Amino acid sequence: MKRPPGLAGGKFIWLKHNYYFQMKMKISLSVPFLLVSIILQLHAFAQENFPDGTPIPDWFRQNNTADMNKSGKRYRITDYNVKNDSTVIQTEKLQAVINKAHDNGGGVIVIPKGTFLSGSLFFKQGTHLFLEEGARLKGSDDISNFPLVMTRMEGQTLKYFAALVNADCLDGFTISGKGTLDGNGLRYWKSFWLRRQFNPNCTNMDEMRPRLVYVSKSKNVRISGITCMNSPFWTTHFYKCENVKLLNLRILSSKTPVKAPSTDAVDIDGCKNFLIKNCYMSVNDDAVALKGGKGPLADKDERNGGNENIIIEDCTYGFCHGVLTLGSESIHNRNVILRRIKIQNAVRLLWLKMRPDTPQEYEYVLVEDVEGTDVGNFLFIRPWTQFFDLKGEKALRNSICRNITMRNIKLDCDNFFNVGASDNRGNVDAFTYKLSNFTFENLNITAKRSLHIDTSIVENFTLKNVTVNGKPIGN
């Protein structure tokens, strides 16, 4: 502290000492508050646990947008003889750009403003996809532009059609930007419903149609910012992936005038560490569905797998069949969190599909901090027998749902507790699913039907501060 001109020495020394005293007091007072603040923040982070009590890794909170400037050279497709033309299939030219980027050590495939029509594209290690604002990568509506490959579909490993965008065995693959992946699904949807009229028993896969995005056996995957729309079949499908983030996406398919059949927004198939954050989803099927395998021996097939450590947060939902669905091809789901969401016009909030031909274990599921209007069902648990197949086995399979918590929810719905007992098909010992350790807490529900809870269906059912149509219900 310098002495100001004209100030006497003694007075200056006093001011100097007083100044340092005040500074010392400020520091001494602020340090405890700072320490308390840090401790509280650390404590808050320490309390961030999965439903089974294990800590949520910090990876789930590191959600900066992918920096394309650090992903290698940019390959702008129009610099490589790809034309802005929505009528010409340019699959070979687009694939050549991806191959060139890979051969040169990796890089970013940039789709500029305009519409570019393509069949299946296969990304390779070190290559990324960036869609500029106004860019539209559009799928062909001719299935012959999507080759048959060994892939994963509806809980089976089999030959089926590749997606528009494919990534297999990659580390660090990203799709980003403000553009659009457009599946161009209308023709496929119309063909599906026409086939259903001709053959009401046809399956989802009888009408040949591709997915929009398929990522398999990959890790450190990030898709952010873009719009995914009009998929002919499932919109995004992830198989045996680890550390996947879907951030700030819009995923859309139509309910009217033509229903877009089985256009799930996100299908998670045997994955670990998966985050869906700040997304808007409105599709004519399930928004997020957890898959993994089906059949009486599904849990013994190494090609199948469970899902673990799944967080869906800060999302908004329009129309969908299920906001969060476990099944219909699923064997084991553990540590699943759905939180801080808003819903309008979904058929079900939480849907647990129980297959009598598949052993299933659904455990440690948390649904919290939800607001919703015009929702069909708060909780829906019923036997699921679509395409039932014991594959030559005689005995039906048993399943378990346990440690399911739903709390801090305000919902306007048709049905509150739409939960049915096991389907034993006339044989009491044939097939059972056991429900146990359910908790409903801080629920404010307005419902038209299924207003009461049959506590005999669930073993160890805890109700805390649950109000339905203004009336409290409890244990």
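**Figure 1. Ala-96 in this predicted model is partly exposed.** At a relative accessibility of 43%, Ala-96 counts as partly exposed, because that class covers values between the 20% limit for buried and the 50% limit for exposed residues. The model shown here and in the other views is a predicted one. Ala-96 belongs to helix α2, which comprises residues 91–103. In sequence, Ala-96 and Tyr-80 are separated by 16 residues, and their C-alpha atoms lie 8.8 Å apart in space.

**Figure 2. Helix α3 has a buried side and a face turned away from that side.** Helix α3 runs over residues 186–198. Tyr-188, Trp-189 and Phe-192 are buried in α3. Viewed down the helix axis, the buried residues of α3 fall within an arc of 100°, so they line one face of the helix. An α-helix has 3.6 residues a turn, so residues three or four places apart point the same way. On the face of α3 turned away from the buried side are the exposed residues Arg-187, Leu-194, Gln-197 and Phe-198.

**Figure 3. The largest pocket is lined by 26 residues.** The volume of the largest pocket is about 420 Å³. Of the lining residues, Asn-204, Ser-262, Asp-285, Trp-384 and Gln-386 lie nearest the centre of the pocket. Helix α3 and strand β27 (348–354) each contribute at least two residues to the lining.

**Figure 4. Asn-333 is a buried residue of strand β26.** Strand β26 comprises residues 332–344. Asn-333 has a relative accessible area of 0%, and therefore counts as buried. Its side chain makes a polar contact of 2.9 Å with the side chain of Asn-307. Leaving aside residues up to four places away in sequence, Asn-333 touches Leu-290, Lys-291, Asn-307, Leu-326, Glu-361, Tyr-362 and Glu-363.

**Figure 5. Asp-269 is a buried residue of strand β19.** Strand β19 comprises residues 266–269. The relative accessibility of Asp-269 is 1%, so this residue counts as buried. With residues up to four places away in sequence again left out, Asp-269 touches Arg-152, His-237, Phe-238, Tyr-239, Lys-240, Lys-291, Gly-292 and Asn-307. Lys-291 and Asn-307 are also among the residues touched by Asn-333.

Figure 6. Pro-257 is placed in the loop between β18 (250–252) and β19. Ser-328 is located in the loop between β25 (324–326) and β26.

**Figure 7. Asn-230 and Ser-450 have positive phi values.** Although Asn-230 is not a glycine, its phi is positive, at about 60°. Asn-230 lies in the loop that joins β15 (227–229) and β16 (236–239). Ser-450, likewise not a glycine, has a positive phi of about 50°. The loop between β30 (433–449) and β31 (458–468) contains Ser-450. With a relative accessibility of 29%, Ser-450 counts as partly exposed.

Definitions and conventions. Residues numbered from 1 in each chain as written. Predicted model: local features only at pLDDT ≥ 70, side-chain atom pairs only at ≥ 80, totals over all residues. Heavy atoms only, no water. Helix = DSSP H or I, 4+ residues; strand = E, 2+ residues; numbered from the N terminus. Expected span 1.5 Å × (residues − 1). Buried < 20%, exposed > 50% of the residue type's maximum accessible area, 1.4 Å probe, protein only. Arc of directions from axis to C-beta. Polar contact = N/O pair within 3.5 Å; in protein donor to acceptor, adjacent residues only side chain to side chain. Contact = heavy atoms within 4.5 Å. 1 Å grid on protein atoms, 1.4 Å probe; cavity = no way out; pocket = protein on both sides within 12 Å on 5 of 7 lines; lining within 4 Å. Points joined across faces, edges and corners; volume = space filled by probe spheres on them.
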